[in-house]
Amino acid sequence: MEKTFNRYVINATGKGGQTYLTQCQDKDALRKWIADHEDQIIMNELRITDKKKNPLLKFFSQR
């Protein structure tokens, strides 16, 4: 059984109040998901988390 690793976590709010929470393996899948749902989500409330990012870089980039 092969273990899959999802690198990016997407948290978005839809225009109708829906909450989207999904995971993507790479940047291509991330871009495709955003392009497919661009008309349904509020782009200002889109949050993308990179699970491989160094914790110190995460801390300093949030400021």
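Predicted model: local features only at pLDDT ≥ 70, side-chain atom pairs only at ≥ 80, totals over all residues.
The chain contains 2 helices and 3 strands, which follow one another along the sequence in the pattern β-β-α-β-α. Along the principal axes, the C-alpha atoms fill a box of roughly 40 × 35 × 15 Å.

Of the 63 residues in the chain, 22% are buried. The accessible surface amounts to about 5200 Å², and carbon and sulfur atoms hold 49% of that area. The charged side chains number 12 positive and 8 negative, with a distance of 9 Å between the centres of the two sets.

### Salt bridges

The structure holds 3 salt bridges.

| Positive residue | Negative residue | N to O distance |
| Arginine 7 | Aspartate 50 | 2.8 Å |
| Arginine 31 | Aspartate 28 | 3.9 Å |
| Lysine 32 | Aspartate 36 | 3.0 Å |

Arginine 7 and aspartate 50 join their side chains in a salt bridge of 2.8 Å, N to O. This pair links distant parts of the chain, with arginine 7 in the segment before strand E1 (8-13) and aspartate 50 in strand E3 (residues 47-50), 43 residues apart. Arginine 7 has a relative accessible area of 27% and is therefore partly exposed. Aspartate 50 counts as buried because its relative accessibility is 18%, and the cut-off for buried is under 20%.

The pair of arginine 31 and aspartate 28 belongs to helix H1 (residues 27-37); the two residues are 3 apart, so about one helical turn separates them. Their closest N and O atoms are 3.9 Å apart, which falls within the 4 Å limit for a salt bridge. Arginine 31 and aspartate 28 are both exposed.

Lysine 32 and aspartate 36 also pair in helix H1, where their spacing of 4 residues places them about one helical turn apart. The closest N and O atoms of lysine 32 and aspartate 36 are separated by 3.0 Å. Lysine 32 is exposed at 52% relative accessibility, whereas aspartate 36, at 43%, is partly exposed.

### Strand residues and their contacts

Asparagine 11 is part of strand E1. Its relative accessible area is 36%, so asparagine 11 is classed as partly exposed. Leaving aside residues up to four places away in sequence, asparagine 11 touches Thr19, Tyr20, Leu21, Glu45, Leu46 and Arg47. Asparagine 11 and isoleucine 48 are 37 residues apart along the chain, and 6.4 Å separates their C-alpha atoms.

Leucine 21, one of the contacts of asparagine 11, lies in strand E2 (residues 19-24). With 64% relative accessibility, leucine 21 counts as exposed. Beyond residues up to four places away in sequence, leucine 21 is in contact with Val9, Ile10 and Asn11. The C-alpha atoms of leucine 21 and valine 9 are 7.3 Å apart in space, for a separation of 12 residues in sequence.

### The segment before strand E1

Asparagine 6 is located in the segment before E1, the segment that also holds arginine 7. A relative accessibility of 21% makes asparagine 6 partly exposed, since the class of buried residues ends under 20%. The contacts of asparagine 6, not counting residues up to four places away in sequence, are Gln23, Cys24, Gln25 and Lys51. Asparagine 6 and aspartate 50 lie 44 residues apart along the chain, with 9.3 Å between their C-alpha atoms. Aspartate 50 is the residue that forms the salt bridge with arginine 7.

### A nonpolar surface patch

Leu56, Phe59 and Phe60 make up a nonpolar patch on the surface, and their accessible area together is about 340 Å². Phenylalanine 60 belongs to helix H2 (residues 55-61). Phenylalanine 60 has 55% relative accessibility and so counts as exposed, the cut-off for exposed being over 50%.

Conventions:
Residues numbered from 1 in each chain as written. Heavy atoms only, no water. Patch = residues over 30% accessible without salt bridge, like charges linked within 9 Å, V, L, I, M, F, W, Y side chains within 5 Å. Areas by Shrake-Rupley, 256 points an atom, 1.4 Å probe, with all protein chains shown as cover. Buried < 20%, exposed > 50% of the residue type's maximum accessible area, 1.4 Å probe, protein only. Lys, Arg positive; Asp, Glu negative; His and termini not counted. Charge placed at Lys NZ, Arg CZ, Asp CG, Glu CD. Contact = heavy atoms within 4.5 Å.
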